[in-house]
Amino acid sequence: MRTRKQEARIRNRIAANLHDELGSLLLRIQLQTETLLMQPREDEVSLERLLHTTRSACSALRDVAWGLDAEADTMNALEDRMRDMLDQLALSTSLHIRFAVEGMEDVAMLPARLRQELYLVFKEATTNAVRHAQSPVYPAVRLYRQKNSVVLEVQDDGRAMPLAAQAGMGLRNMRRRALAVGGTLDAAPRADGPGFRVRFCAPLHTPAPLKWPFRG
């Protein structure tokens, strides 16, 4: 049976290989596409789509590598990763996204599975808040401790779409991720005003067993 140290070494090696090998290849594709876009061509739309796809692939790869990295099983690493993504969204959308972390000062380490699922729920919920609200939005993200649980809330003040129209927005995946770590996920139009709210809550100190392969 593997020890925790052996598992950490395996995860670190996989993360390093993903980052060094596939990451550099995808980055080269992105740079080549950007070079082509600067040259006069008739089929610029296809090149722009290729560039968008490549950037998405690079982002997904970084998320997978980060999720596997045993050295990132800390609250600080999670917070830094979340802030990085919010900065990227702000640059691409010109939206001010508020972010608050409360009551987590004494939480140093996080179970690997909880960290992975928490970040991926955050990413899906925040992206949906920016992409699917039907009027100008000012998303707000709040991460805080509630007794022995960690709570993530992502909300916006846009005109919320009906719940029936939300089925394809990843809500089922987010609920599945919450269940995987013994938590819950509630998603509904806000009761205190316009907009939509996603609330993820999971036990803070109850590690769930990692399942392989990790799916980002």
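**Start with the confidence colours**

You are looking at a predicted model, so begin by colouring it by pLDDT. The mean pLDDT of the protein is 81, and 84% of the residues reach 70 or more.

Next, select Ile-10, which belongs to helix α1 (residues 4-37). Ile-10 counts as partly exposed because its relative accessibility is 24%. Although 60 residues separate Ile-10 and Ala-70 in sequence, their C-alpha atoms are 8.9 Å apart in space.

**Along helix α2**

Select residues 44-68 to see helix α2, which has 25 residues. From first C-alpha to last, α2 reaches 36 Å, close to the 36 Å expected at 1.5 Å a residue. Show its side chains too: the buried ones include Leu-47, Leu-51, Cys-58 and Trp-66. Keep Trp-66 on screen for the next stop.

Across the whole structure, a search finds two aromatic pairs. One of them is Tyr-119 with Phe-122, a tilted pair with 5.9 Å from centre to centre and 45 degrees between the planes. Tyr-119 and Phe-122 are about one helical turn from each other because they are three residues apart in helix α4 (residues 112-132). Are these two residues buried or exposed? Both Tyr-119 and Phe-122 are buried.

For another arginine over a ring, select Arg-142 and Tyr-144: the charged end of Arg-142 sits over the ring of Tyr-144, 3.8 Å from its centre.

**Glu-79 in helix α3**

Go to helix α3 (residues 75-93) and pick out Glu-79. Glu-79 counts as buried because its relative accessibility is 19%, and the cut-off for buried is under 20%. Which residues does Glu-79 touch, leaving aside its neighbours within four places in sequence? Show Phe-99 and Val-101, which are both in contact with Glu-79.

Select Lys-147, in the loop between β2 (140-146) and β3. Its phi is near 55 degrees, a positive value in a residue other than glycine. With a relative accessible area of 75%, Lys-147 is exposed.

Finish at helix α5 (residues 171-180), where the buried residues are Leu-171, Met-174, Arg-177 and Ala-178. Turn the view until you look down the axis of α5: these buried residues fall within an arc of 120 degrees, so they line one face of the helix. Then select Arg-172, Arg-176 and Leu-179, exposed residues on the face turned away from the buried side of α5. Your last stop is Gly-182, which follows α5 and has a positive phi, near 70 degrees.

Conventions:
Residues numbered from 1 in each chain as written. Predicted model: local features only at pLDDT ≥ 70, side-chain atom pairs only at ≥ 80, totals over all residues. Heavy atoms only, no water. Helix = DSSP H or I, 4+ residues; strand = E, 2+ residues; numbered from the N terminus. Expected span 1.5 Å × (residues − 1). Buried < 20%, exposed > 50% of the residue type's maximum accessible area, 1.4 Å probe, protein only. pLDDT = per-residue confidence, 0-100. Phe/Tyr/Trp six-rings, centres within 6.5 Å; stacked < 30°, edge-to-face > 60°. Lys NZ or Arg CZ within 6 Å of the ring centre and 35° of its normal. Arc of directions from axis to C-beta. Contact = heavy atoms within 4.5 Å.
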